[in-house]
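Start with how a crossing gets its hand, then follow the contacts.

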Amino acid sequence: MSTEERRGAPAGTTGRSEADVPGGPEAASGAGWAWALLGVLAVLLLAAGTRYLDQNVPDLLEGTALEDIGAAVEYPVYAIILGLAGNAVLTATGLRDRLAGGFRTEFFIKTGLVLLGASINLKVIATAAGPAIVQAIVLITTVFLFTWWLGGRLGLDDKLRALLSAAVSICGVSAAIAAAGAVQAKREQLAYSASLVIAFALPSIFVLPWLAGALGLSPEVAGAWIGGNIDTTAAVTAAGAIVGDEALAVASIVKVTQNALIGVVTIALTAYFAFRVERRADAERPGIGEFWRRFPKFVLGFVAASVIATWWLSTVSAEEGKATIGVVNDLRVWFLILAFVSIGLEFRVASLREAGWRPVGVFAAATVVNVVVALGLAVLLFSGFTVA
């Protein structure tokens, strides 16, 4: 298959070829694995630098004019900045694409979230689940339909409309990948959507925590707002961590609730494109097996970790429980740092240039709607909610 043929090929989740492997066809070979391992090493080195800055900058700046800034900046900020800096260096030296197989953002963030489940009491998840489900259904429906409508008004291709609508309303790149498989979108359409997600998520990591403070939101409401409208799970975790542990807990619960609805949305898209847009009379009806295949399994790990930790903590002394959870939390922070570094390393400016202004305009308008509606729902559903 030629390069041009690959660019126009469907970006589904089936039929994984060498071209689908991060880092390109070379990554499928033995040499590709060596480059991928070097990519992981690059992520680990930048993560170690992040850890050093997080632990030492406050002490280094103590007694200076920058003391307050040094104390306020958290590890997500250092991780993303170092990731972007590493991205610039690797791009300039021509190594970035060869090492890309080691930038495993999805794996790092999902492992970190499963570990986060161990530090959240099951009672908190059960209490927050009700409003989180209501928020997810209302928000996804509103933002998805608005984005679909605006994309149609601006003349976007139906498959690109589906990708943008899923990405901005559910959970960013993961939703775009799932939607791409459902509607058989082209690879370049998926690249556009993923780049837009990251471009809008990066500033949100810093802007939304600042706005939450300026608006005087409680940590729980701020967490629900952040979890509801930042698109990528990694960026939600970063922004929640900046606000605090209570906000991080609620933001994570809200986001994994949205993630759980990926399967429902992609099944609906599969059916809509098969029976309405492409009118394939012989298309098979998507069933429960398709739902399970697309369901994000890490959500089950998140809940299972909370169940196991809640039970185990009831069987040991408070001192022993605190020490063990402390180790789990430290491991979780390491995985989140690896994820945030990978976000910076994966960002591509070139893909945004190729997209043109119309997809960018649709995504920007949908983001504004997402921010406003999510704020209203967070205040309505989470005011008075507390994380014990």
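A crossing is left-handed if the near helix is turned anticlockwise from the far one by less than a right angle, and right-handed if it is turned clockwise. Keep that rule at hand for this predicted model. Under it, α11 and α12 make a right-handed crossing.

Now the geometry of that pair. Helix α11 covers residues 219–229 and helix α12 covers residues 233–243. They pack at about 165°, and their axes lie 9 Å apart. Angles over 145 degrees count as roughly antiparallel. α11 is therefore roughly antiparallel to α12. On the α11 side, the contact uses Ala-222, Ile-226 and Gly-227. Facing them in α12 are Val-236, Ala-239, Gly-240 and Val-243. By class, this contact of α11 with α12 holds 5 nonpolar and 2 polar residues, with no charged ones.

Next comes α7, which runs over residues 122–153. A bend of about 40° lies at Ala-129 in α7, shortly before the proline Pro-131. After α7 comes Gly-155, with a positive phi near 80°.

What does α7 pack against? Its partner is helix α13, residues 245–260. The angle between α7 and α13 is about 55°, with the axes 8 Å apart. The two are therefore oblique to each other. Their crossing is right-handed. From α7, the contact residues include Val-124, Ile-125, Ala-128 and Leu-139. From α13 come Ile-253, Val-254, Thr-257 and Gln-258. The contact of α7 with α13 divides into 10 nonpolar and 3 polar residues, and no charged.

α13 also meets helix α16, residues 298–313. The axes of α13 and α16 come within 10 Å and cross at roughly 140°. That makes α13 oblique to α16. Here the hand is left: α13 passes α16 in a left-handed crossing. Ser-252, Ile-253, Val-256, Asn-259 and Ala-260 in α13 touch Phe-298, Val-299 and Phe-302 in α16. This contact of α13 with α16 has 6 nonpolar, 2 polar and no charged residues.

One residue links two of these contacts. Ile-253 of α13 meets α7, and Ile-253 also meets α16.

Note on methods:
Residues are numbered from 1 along each chain as its sequence is written. This is a predicted model: local features need pLDDT of at least 70, side-chain atom pairs count only at pLDDT 80 or more; totals for chains, interfaces and linings use all residues. Side-chain values use heavy atoms; hydrogens and water are left out. Axes are lines fitted to C-alpha atoms, for helices over the stretch in contact, and angles run from 0 to 180 degrees between N-to-C directions. Helices (H or I, at least four residues) and strands (E, at least two) are DSSP runs, numbered from the N terminus. Angles under 35 degrees count as roughly parallel, over 145 as roughly antiparallel, 65 to 115 as roughly perpendicular and the rest as oblique. Contact means heavy atoms within 4.5 Å. Ala, Val, Leu, Ile, Met, Phe, Trp, Tyr, Cys and Pro count as nonpolar, Asp, Glu, Lys and Arg as charged, and the others, Gly among them, as polar. The bend at a residue is the angle between axes fitted to the seven residues ending there and the seven starting there.
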